[in-house]
Amino acid sequence: MTEIQKNEHDAVLIRSIFQTPSWYWPAVAVLGSLVVLGFGAYLFQFFLGLGETGLNQPVTWGFYITNFVFFIGISHAGTLISAILRLSQTEWRRPITRIAEVITVAVLGIGGMNILLDLGRPDRMLNMIYYGRYQSPLLWDMTSITTYLTASSVYLFIPMIPDIAILRDLCPPGPRKVFYQVLALGWQGTPRQEKVLNRATAIMAIMVIPIAVSVHTVVAFVFSMTLQPMWHSSIFGPYFVAGALFSGVAMLLIVMAILRKVFHLEDYLQPIHFNYLGLLLLVFTLFWTYFTFAEYLTAFYGNEPDEMRVFWAKWDGPWAWGFWGMVICNFFIPVIILSINRFRTITGTVIASSTILIGMWLERFIIVVPTLANPRQHRLPTGSYWPTWVEFSLMTGSFALFALFYLVFSRFFPLVSIHEVREGREHSDDIALERIHRYRIGNGYIKE
Amino acid sequence: MEQPHGEKKSTGHRWGMVIDLDKCSGCGACEVACMVENNIPFVEKGDYQRSRSISWMKVVPETEGTFPEVRTKFMPQPCMQCDNPPCTKVCPVHATYLNPEGIVAQVYWRCIGCRLCMAACPYTVKYFNWHNFQQAQPAAMTQYANPDVSLRDKGVVEKCTFCHHRLMKVKDQARLENREIRPGEYTVACQDNCPSKAIFFGDLNDPHSEVARLADNLRAFRLMDELGTQPKVIYLAERKRHD
């Protein structure tokens, strides 16, 4: 019919849209039931009160806030990594940008949802708008996250327009064709349209970077703007951003490995992509370790009694399992795997990424809980916290919702940008050559 | 050096409390009085075990030394009613704020229950309604609830208000009689009920009031003064005992 179906390479990218894989509906059923279980748990909590969770006095925040910070952190994988790779014209980015951007849009919604799960009065949510006051870090969060969600949705959509046009042309008449027709915005692939598209993508890529940095900075500010020990720290903003990039790249690697297998994208997501992203992950591992070291050493040397109670609670107290688990999962395992070339394979990077996701979740948890359990008011008994089935259900529900979002997305849009891959196949030699010529010394290249 | 009761002078009243730790016997009558006065609900066993009980006024014991040289001190802790409260700054919906007379107010009907104020309070004196605690009360308790104080629904934060409803009553009375509030007219429940008269309450801005005088006492100190929260609950330290 059209050239795409003749080209066996790109046909695999749209196969999942027009043919349902055999595992698709069972997977949707499993994930859907996990989401329903989470929803049921939420109804339970909604009608009976937050007391159905393990939260208490003084540990008033637990799993929900941990998951909120964790998911918002993951979101940095996407748009930020994709924007940086696009702007630096990294050639190997082409098959992975969309996968990354979808992660962002999905987890941002889920992260935002987790903070709503934590509200005692979700029915009064709109008070944030009626009575909202910008003195509160929560308002900064709301503004920043909704801006980021909007920007990254637009940033996901704009580069997808040519692909939607391809689907529009392939789709048999019906409601689905109308859907693609509307979304394709009349794309014909004219040079002018190409120019506008590239321009818009570049503008969004530049805009999205400061927004992404602001998002995790203000998430950190919720903690650091209080006076609480081990929270009131000036490096919290950058520390959280570094951790966000770190966990984000780890999530990206895992999602890539899964999609590669289930959608047969072996030709697109090659070991070299995992190798390069693995190197990036190693850099973030070391960055994160440096920040953690700086944060804890500063607290330890200051030796302020209130800070030290939290410090020891993490070091060898009731939360030591979380702290040392974090150190092993975020530093020792990834560094060993990622710094040895032989281990930096697809399997190796996936193992390292999995431990990093666990480690980063633990990191968020031991930032939130031990400080609340050891408040400045040391005359009060030390707090403890263990979640109930409600929190566990809502956590699995959150992860299931993320996977479900991906499955639904894969039914409507290609997971790898056909347009960008094709552009790379046709022009990347010229682009790369021109770029090398531009900075190679002594070949007399003069820019007109 | 800054005076214990702070330099902040406003023209109106500035309500404050002085607790003489030398007189406090740790009996807990203030806690009981507060619970009755402010309709503070009891919690069920499960919630109690998860340390979710509410006590706006809490007598916190502190044990010093090792056996046999052990001594327990008691420190009644209400909301410190800071002049520079860390909790009000972070509230996203203006549900907790410092009112012009220095009382940190709490709007139960606007609170969204995010608990950021609880996380921000260094004194840990804000409490959350984890369940609908009022519903679990025996019928007689609700029947004899104080009509001046609203019952709190589940999912909102509450704390000591310096018996604000009493101030409203006193103000109404004074306005009807076309006069100022008299010193000592506005009292709080914990103060009224303290058998050893360890709690004093009054206007810190009135130089002749007893609290203003006691706040200048050499024994006066404020909890975590170094944080700059400027609490209006002032403690008088225990004198050295020779026993």
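A: Begin with the lining of the second largest pocket, whose residues divide into six nonpolar, five polar and seven charged. Keep in mind that this is a predicted model.

Q: How many residues line the second largest pocket, and which lie nearest its centre?
A: The lining has 18 residues, and Arg86(A), Arg93(A), Arg94(A), Asn198(A) and Glu423(A) are the ones nearest the centre. The space in this pocket is about 480 Å³.

Q: Which helix gives the most to the lining of the second largest pocket?
A: Helix 17 of chain A does, with six residues. Helix 4 (63-87), helix 10 (191-224) and helix 17 (418-439) of chain A each contribute at least two residues to this lining.

Q: What does the side chain of Arg86(A) meet in a salt bridge?
A: Its partner is Glu101(A), with an N to O distance of 3.2 Å. The pair links distant parts of the chain, 15 residues apart: Arg86(A) belongs to helix 4 of chain A, and Glu101(A) to helix 5 (residues 97-117) of chain A. Over all chains, a search of the whole structure finds 32 salt bridges.

Q: What is the volume of the largest pocket?
A: The volume is about 650 Å³. This pocket has 30 lining residues, and those nearest its centre are Tyr48(B), Ser51(B), Arg52(B), Ser53(B) and Lys58(B). By class, the lining has 15 nonpolar, 10 polar and five charged residues.

Q: Which element of chain B gives the most to the lining of the largest pocket?
A: Strand 2 of chain B, with four residues. Helix 1 (29-37) and helix 2 (45-49) of chain B are also among the elements that each supply at least two residues of this lining.

Q: Now the interface. How much area do chain B and chain A bury between them?
A: The size of an interface is often given as the accessible area lost when the parts come together. Here chain B and chain A bury about 3,800 Å², with 55% of it on carbon and sulfur atoms. On the chain B side, Ile112(B), Arg115(B) and Trp130(B) lose the most area to chain A, together 16% of what that side buries. The contact involves 47 residues from chain B and 44 residues from chain A.

Q: How many salt bridges and polar contacts cross the interface of chain B and chain A?
A: The rule finds three salt bridges across the interface. Asp118(A) forms a salt bridge with Arg115(B), where the closest N and O atoms are 2.7 Å apart. By class, the side of chain B that touches chain A has 27 nonpolar, 10 polar and 10 charged residues.

Q: Last, the backbone. Which peptide bonds are cis?
A: Most residues other than glycine have a negative phi, and most peptide bonds are trans. In chain A, a cis peptide bond joins Gln57(A) and Pro58(A), with omega about 5 degrees. Pro58(A) sits in the loop between helix 3 (24-48) and helix 4 of chain A. In chain B, the bond from Phe67(B) to Pro68(B) is cis, with omega near 0 degrees. Pro68(B) sits in the loop between strand 2 and strand 3 of chain B.

Q: Is phi of Leu185(A) positive or negative?
A: Phi of Leu185(A) is positive, near 55 degrees, in a residue other than glycine. Leu185(A) is in the loop between helix 9 (175-184) and helix 10 of chain A.

Note on methods
Residues numbered from 1 in each chain as written. Chains lettered and ligands numbered in written order. Predicted model: local features only at pLDDT ≥ 70, side-chain atom pairs only at ≥ 80, totals over all residues. Heavy atoms only, no water. Contact = heavy atoms within 4.5 Å. Buried area = accessible area lost by both parts, 1.4 Å probe. Salt bridge = Lys/Arg side-chain N within 4 Å of Asp/Glu carboxyl O. Nonpolar A, V, L, I, M, F, W, Y, C, P; charged D, E, K, R; others polar. 1 Å grid on protein atoms, 1.4 Å probe; cavity = no way out; pocket = protein on both sides within 12 Å on 5 of 7 lines; lining within 4 Å. Points joined across faces, edges and corners; volume = space filled by probe spheres on them.
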